[in-house]
Amino acid sequence: MKYYLIAGERSGDFHAANLMRNLHQQDPQAEFRGWGGDMMKAEGGTLVHHYQEMAIMGFWEAATSILKFRGYLKECQRDLLAYQPDVLILVDYAGFNLRVAKFAKAHGIKVFYYISPKIWAWNQSRVHAVKKLVDKMFVILPFEREFYQRFGYDVDYIGNPTADAVAEHQKTTDFHQRHNLDPARKIIAVLPGSRKQEIEEMLYEMVAILPPFLDYQFIVAGVDNLDRNYYAHFERNNVRILFNETYDLLAHATAALVTSGTATLETALFGVPQVVCYRTSAVSYAIGKAVIKVPYISLVNLIAGREVVKELIQGEFNSRNLVQELKKVTADQEFITQQKAGYTEIREKLGRQNAAEKAAKLMVGYLKG
């Protein structure tokens, strides 16, 4: 069968690639085409565009890039019709993907959604459109199934692919030696995100708090979808950049500063005490605050249903608060114990179900049925 996949960011590329690998096991004749990244390409997918070209952060930034997005949308629609896949598989990235879903549905192309768009966080009324446009929805967070059920939409909960990936990670024993790190000094992991725009908003502040933490090594998780030279001006004494080793970094970290996103859940699943950080433009923040319908922004707190990790958002994301909260997750044992207890609750809620394999089996079954 022919599969057309669309992932608009690095985490989507990762999850789509895992899904493609499992789809190929279920369907050895599978052909893949779509929009994504290097990991999807490595699984045999033909890329139309790389997600780097579409990486926009924030409501205002997206609005001001509308002409660019409209051009991509038209191109995607033409390519979809030319390819005529058996199914269109969308991975998160709601702003673009729901528009493609509408077009595909109008032209008789079956639509699956792998990793639900976060409509439960804002504009919940869109669930009615999703029900009409998406033939099968595969969700990865327990509360998402409950959310959709409130609207009479039966979805498949497949477990959480991030939990699977963390559980499968094998911690290396030569991490310090390979990177010439001091084994006597503990590591603070800095996860600033994967898009240039969010890194510029976050990383300067994250590495500006060194003086109170000179006994630690700050290791920044870099990503290779950005030019490595871009990170050079962040590196200094006591700050190192490591590329594409986020899981090994977290496996060896004592604490972490994390930009809100999938990385907050990854950090929790590794059991690393963390401070969640987020800042965007003033206009985007004002719009977001008006429309977002959930009490937290981090997946950790959303899954737990309470505050497990501290979220420093917009004006609260400053050096003084960073120092104060980082001291808690490095030195306050009672605070650390409470946070880790919350992590245990989250692991139990997510379970372990081999999400990509389960999704692939269900998808192929639905297509053949």
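**Aromatic rings and their neighbours**

Arg-228 lies over the face of Phe-243, 4.1 Å from the ring centre; a charge sits over a ring here if NZ of Lys or CZ of Arg is within 6 Å of the ring centre and within 35 degrees of the ring normal. Phe-243 also belongs to an aromatic cluster, together with Tyr-204, Tyr-230, Tyr-231 and Phe-234. The model is a predicted one, with local features needing pLDDT of at least 70, side-chain atom pairs counting only at pLDDT 80 or more, and totals for chains, interfaces and linings using all residues. Residues are numbered from 1 along each chain as its sequence is written, and side-chain values use heavy atoms, with hydrogens and water left out.

Across the whole structure, 18 aromatic pairs turn up (rings of Phe, Tyr and Trp, the last by its six-membered ring, with centres within 6.5 Å; planes under 30 degrees apart are stacked, over 60 edge-to-face, the rest tilted). In one of them, the ring centres of Phe-112 and Phe-138 are 5.7 Å apart and the planes meet at 70°, so this pair is edge-to-face. Phe-112 lies in strand E5 (residues 111-114) and Phe-138 in strand E6 (residues 136-139), so the pair ties together parts 26 residues apart in sequence; strands are DSSP runs of E, at least two residues, numbered from the N terminus. Phe-112 is buried at 1% relative accessibility, and Phe-138 is buried at 0% (buried means under 20% relative accessible area, with a 1.4 Å probe and protein chains only).

Lys-136 has its charged end over the ring of Tyr-366, 4.3 Å from the centre.

As for cysteines, the search comes back with 0 disulfides (pairs of cysteine sulfur atoms within 2.5 Å). Cys-76 is buried, with a relative accessible area of 0%, and Cys-277 counts as buried at 0%.

Conventions
Helix = DSSP H or I, 4+ residues; strand = E, 2+ residues; numbered from the N terminus. Buried < 20%, exposed > 50% of the residue type's maximum accessible area, 1.4 Å probe, protein only.
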